[in-house]
Amino acid sequence: MKSLKVVFLGTPEFAKTSLEAIHLSNHKVVGVVTVADKASGRGQKISQSPVKVFAAENNIPVFQPEKLRNPEFLEELRKLDADVFVVVAFRMMPKILFEMPKMGTFNLHASLLPDYRGAAPINYAVINGEEKTGATTFFINEKIDEGNILLQEELEILLDENAGSLHDRLMIMGSGLVVKTLDGLAENTINEKPQPNTEHPKNAYKIFKEDTRINWNSPSKTVHQFILGMSPYPAAFTTLKIGEEEKGLKIFAGKFEITDHKKPAGTLDISKNEFKIYTQDGVYFPQELQLEGKKRMTVKDFLNGFRNFDEISL
């Protein structure tokens, strides 16, 4: 099989898994483009992206431009004479960059396009209670996530699966799809096709802080899927009132019951042995949570931290 020269563009662990798969394949990674190192944490330690760490360990040239239109950076990439660019979990790219390689630039997206275009496809697939999702490789063009499809693969979403678990399974499946796409391009066996013209494709917009607030006035199943879809990151939250103080409460996991009750949605029953929150049509029982300023813990440990339950409300 023909070996392709690849420039890889990506940043997080999700991308690193694809980079590793290409590195272990018949194809040659001639360069990696990733985010600049940044200071993080209490000690402001300089951290490197997982993609950079892998590239450095395997002696692959690394580029960390602040601006993707930087002429010196673009000239350095041209010199690599790559056949194709592969993009996984990276930022918006200018046309001058994605049109550079002779075969073009393709992206791995963690959904079955055209559904769930955008920054958070894994979260929204779980939030919306989908039974399946998948991954798509497609050629990049000037419209976000709208280029011609190369390959697609489906993946079943498991019962009560959260976004973190689905992320990890899609990460592995997607890395295999990236290599299959490179193989197909090398052998000229892939027929790219335009994305289906869907009138109302499901969207996966970027999630902001206020988007993660739980609406207890929703049906129990909706609340449950929302919490799973936000877990473990960015995490669904509600506000707990303890006496006169308000604190954010992240909820990562729980269970629910559909039950007829006369309580207003968002009311809670809390005691040494029980923590339940009333929804539109039932009750939600948080099982893993994190009070603002505290560590993540089980509901049992959480309840053990209180003596007076009368002063706690949502």
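**Terms and what they rest on**

Modeller: In helix 1, the residues that count as buried are Phe-14, Ala-15, Lys-16, Thr-17, Ser-18, Leu-19, Ala-21 and Ile-22. This is a predicted model, in which local features need pLDDT of at least 70 and side-chain atom pairs count only at pLDDT 80 or more, while totals for chains, interfaces and linings use all residues. Residues are numbered from 1 along each chain as its sequence is written, and side-chain values use heavy atoms, with hydrogens and water left out.

Colleague: Why is helix 1 called largely enclosed?
Modeller: Buried means under 20% relative accessible area, exposed means over 50%, and partly exposed lies in between, with a 1.4 Å probe and protein chains only. Eight of the eleven residues of helix 1 are buried, and therefore the rest of the structure largely encloses this helix.

Colleague: What makes strand 1 and strand 2 a pair?
Modeller: Strands are DSSP runs of E with at least two residues, helices are runs of H or I with at least four, and both are numbered from the N terminus. Two strands pair if DSSP finds at least two bridges between them; strand 1 (residues 5–10) and strand 2 (residues 28–33) run parallel and are joined by five bridges, so they meet that definition. Leu-9 stands opposite Val-33 in strand 2.

Colleague: Why is the crossover between strand 1 and strand 2 called right-handed?
Modeller: The term applies if, with the strands pointing away from the viewer, the path from the first strand over the helix to the second runs clockwise. Here the chain passes from strand 1 through helix 1 (residues 13–23) to strand 2, and this β-α-β crossover is right-handed.

Colleague: What makes a group of residues a nonpolar core?
Modeller: A nonpolar core is a set of buried Ala, Val, Leu, Ile, Met, Phe, Trp, Tyr and Cys residues joined through side-chain atoms within 4.5 Å. The largest one has 41 residues, of which Phe-8, Ile-22, Val-86, Phe-106 and Leu-182 touch the most other members. Helix 6 (residues 163–187) gives this core its largest share, eleven residues. Another core, of 29 residues, lies apart from it and includes Ile-127, Leu-240, Phe-275 and Leu-289.
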